[in-house]
Amino acid sequence: MSEPHRVVLVIDDEAQMRIFVRIALEAYGYQALEAPTAAEGIRQATTHMPDLILLDLGLPDADGGEVTRRIREWSNLPILIISAGGTEASKVRALDEGADDYITKPFGAAELMARIRVALRKAGPAREVPAEVVHVGNDIRIDLARHLVLVRGKEVHLAPIEYKILATLVRHTGRVATHQQLIENVWGPGQAQQVQTLRVYMTQLRHKLERQPARPKYLLTETGIGYRLRLEV
Amino acid sequence: MSVPSVRRERSGLSGAVARRALGYFSAVVTVTASTLLAWFVFGEWHLTDVVMVFLLGVVIVSMRFGYGPSLLVAVLSVVSFEFFFIPPLFSFEVADPRHIVTFAVMFFVALVISHLTKRVRDQADAVRLRERNTASLYAASREIGLAYSREALLAASARHAREMFHAGVAVLLPGANEKLQVVHADDDATLALGQEVAAAAEGMWRHQRITGGAVGASTSAPAAREPLLVPLRGSRGHVGVLAFLPTETWNILDADGRALLEAFAALVGSAIDRTMLADEARGATLRAETEQLRNALLSSVSHDLRTPLGVVTGVTSALLDRAPKDEETRRLLLTTAHEEALRLSQLVRNLLDMTRVDAGALSVRKELQPLEEVIGAALTRLENRLRDREVGTDIPEDLPLAPFDSILIEQVLINLLENAARYTPPGSAIDVVVRLHHGDVEVEVADRGPGVPRDDAERVFDKFYRAREREGGGVGLGLTICRGVVLAHGGRIWVEDRRGGGASFRFTLPLDEARDPDETVDFVAERGAS
């Protein structure tokens with residue numbers, strides 16, 4: 001770990017879950033803070049300023065979307081949602097409120113750590129100056145400065161909307177971008193665009209970038225939630 | 001003898017008056033005709049023959065018309081006989097006092113004739129009526145007896161009652177809380193069935209329930225325009241109440257009508273009783289099936305959940321108790337526990353999905369979207385599972401957007417793909433093919449495994465059914481969930497043999513839902529431009 005002892009705040013009402021997450025975190029060199037309720041979690045977030053928050057959606061005293069909204073009022077720190085496989089709506093709500101990603105129970109320690117690393121990368125210095133050229137797998141190169149997309153060395157023409165969608169996904173790299181976030185980014189806030197339209201453009205984008213559009217490797221669908229760009233398989 | 005009884009006719013009041021007038025008019029005509037006939041044939045000298053002619057007139061009129069006209073014929077005949085044939089002619093004076101006796105005898109004979117004729121006629125009428133009642137009762141019993149559902153039965157009852165009695169009909173049966181409810185009524189009857197009638201029916205129902213039911217009160221001659229309540233009885237006592245609501249021409253006021261009514265009520269009562277018994281039998285079967293299902297679920301769940309739980313508990317306790325010295329054993333134990341826990345998680349998810357599909361509470365949120373995307377999402381989710389497989393996809397380029405719930409259809413695809421991976425040899429190919437078919441879109445998940453035996457083709461979709469019991473796998477809910485979801489979308493799901501070997505699971509999704517033409521146009525235009 002380049003920066004040892006980064007602090008992760010775990011907000012979960014289940015003691016067993018907190019123990020598991022703490023052990024996993026400490027094994028990977030993080031320092032863990034624990035909070036059993038939303039109120040306690042928000043308090044600790046303000047006093048200890050953690051590097052990342054793991055937030056369970058099923059808290060007894062507040063809904064996860066609400067907690068996210070209150071933290072986002074003053075901080076941009078990464079929030080990773082832990083969901084117990086409830087409805088997609090509650091996940092979408094928290095993500096739209098500004099949570100960075102979600103992970104569904106049950107999950108393994110390795111999976112959790114991978115998500116945490118991606119979320120922390122967003123907050124790290126690398127984020128401030130986005131790479132000029134983004135490599136997606138071995139096949140795709142996206143030149144953000146020149147608005148160029150190369151697939152297996154050949155330039156591919158993208159419609160402006162398609163390019164905007166791709167750029168938004170690049171900004172969310174590794175994390176999920178909800179339908180709403182994509183629509184707002186591409187068509188501008190307050191634009192009442194239908195998810196249906198977004199889906200149609202996504203399909204076109206896949207046909208242009210993916211070798212097997214029906215079995216995508218990079219432009220992944222999170223059914224009921226949004227899309228995710230995967231940089232390497 | 002074709003003139004029907006006035007009372008039985010559907011015609012209104014004015015018709016009856018007209019017919020009565022016709023009777024009296026015929027009486028006058030008949031007497032005039034008798035007089036003329038007697039005058040020209042026999043003249044004043046054959047008085048006995050003349051009397052016969054007049055008596056013939058009495059017979060004719062009394063045969064065809066009622067008591068009144070025949071009485072009039074009798075009187076007019078005597079008067080005409082006296083006036084035209086008894087000297088002095090054309091006067092009401094009587095020269096010979098013996099003729100007074102002749103008049104009396106003639107009048108008496110005319111009276112007797114009209115009496116007797118009327119009785120014969122009434123009997124014929126009654127026989128005809130009874131025949132007709134029997135016929136209509138027979139027709140009613142046939143139709144009511146054959147009615148396949150309670151609704152059909154009630155509708156048939158109401159229609160026949162209206163035809164037979166010229167009355168509106170409402171059937172009242174006890175509802176959930178033993179309170180009577182109108183379960184069927186023709187429109188007029190519903191309108192006319194006021195609070196009072198309902199209350200009276202309720203009262204009668206309760207009374208019967210308590211006393212075992214004296215019926216007489218209800219069918220004793222009712223006042224002309226009052227609704228009439230008749231209890232319905234089945235094999236096990238009272239089943240409900242039949243309410244007759246009077247119309248202009250209803251006809252259940254006499255003994256025959258009431259007898260017919262009783263017979264009809266008995267018929268309807270036993271038919272309703274029959275449907276109730278059938279319902280109960282069906283309910284009992286259903287309960288038995290539910291019970292069986294619950295047992296199957298319990299045994300299945302206890303086996304399929306306990307096995308992995310047992311492994312996890314055992315392995316972890318072994319590690320707690322005395323951790324093995326060598327790293328390799330420790331890892332093996334932990335890997336086993338981990339795999340079993342994952343399997344447990346999968347089982348629980350399937351069970352939860354099943355309860356959603358099963359309770360009929362499955363809310364389908366259809367949105368127009370490309371099938372390609374949801375297929376891609378399902379394949380991504382199963383990336384690890386299908387890593388060693390060759391997965392082919394064949395989706396038409398011009399496939400229109402289809403209305404479906406992406407989360408649910410993704411689940412269907414995942415279940416079908418997991419099944420294919422589970423029951424086919426490792427490394428064998430799996431194909432996902434989409435095609436348009438008669439306005440539906442058909443999705444096929446085909447494998448190169450051993451296929452599904454024809455006998456199992458239906459049963460594989462049944463709850464807890466597993467084609468090959470021992471080959472690991474789930475609780476036998478995956479395909480049941482698929483069926484529930486596809487049916488909720490208005491589609492079909494089935495399995496057939498694949499040409500060249502293997503199983504081909506297919507499901508359809510109807511396309512014919514309101515489509516947003518703008519979006520389709522957008523899509524095409526954009527593709528064309530790029």
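Predicted model: local features only at pLDDT ≥ 70, side-chain atom pairs only at ≥ 80, totals over all residues.

Residues are numbered from 1 along each chain as its sequence is written, while chains are lettered from A and ligands numbered from 1 in the order in which they are written.

**Exercise 1. Find the order of the strands in the open sheet of chain A, and say which strands stand at the edges.**

Step 1. Helices (H or I, at least four residues) and strands (E, at least two) are DSSP runs, numbered from the N terminus. The open sheet of chain A has five strands, in the order β2-β1-β3-β4-β5, with parallel pairing. Strands pair if DSSP finds at least two bridges between them.

Step 2. At the edges are β2 (31-35) and β5 (101-104) of chain A, each with a single partner strand, so one side of each has no neighbour in the sheet.

Step 3. Look at one pair: β4 (residues 79-83) of chain A joins β5(A) in the parallel sense over four bridges. I81(A) has Y102(A) in β5(A) as its bridge partner.

**Exercise 2. Describe how α3 (residues 67-85) and α4 (residues 98-146) of chain B cross.**

Step 1. Their axes come within 10 Å and cross at roughly 160°. Axes are lines fitted to C-alpha atoms, for helices over the stretch in contact, and angles run from 0 to 180 degrees between N-to-C directions.

Step 2. That angle makes α3(B) roughly antiparallel to α4(B), a word used for angles over 145 degrees.

Step 3. Residues of α3(B), including L71(B) and F81(B), meet residues of α4(B), among them F103(B) and L111(B). The contact divides into 10 nonpolar, three polar and two charged residues. Ala, Val, Leu, Ile, Met, Phe, Trp, Tyr, Cys and Pro count as nonpolar, Asp, Glu, Lys and Arg as charged, and the others, Gly among them, as polar.

**Exercise 3. Which helix gives the largest share of the side of chain B that touches chain A?**

Step 1. Start with the totals: 26 residues of chain B are in contact with 21 residues of chain A.

Step 2. The largest share, eight residues, comes from α11(B).

Step 3. By class, this side of chain B has 11 nonpolar, seven polar and eight charged residues.

Notes
Parallel < 35°, antiparallel > 145°, perpendicular 65-115°, else oblique. Contact = placed C-beta atoms within 7 Å.
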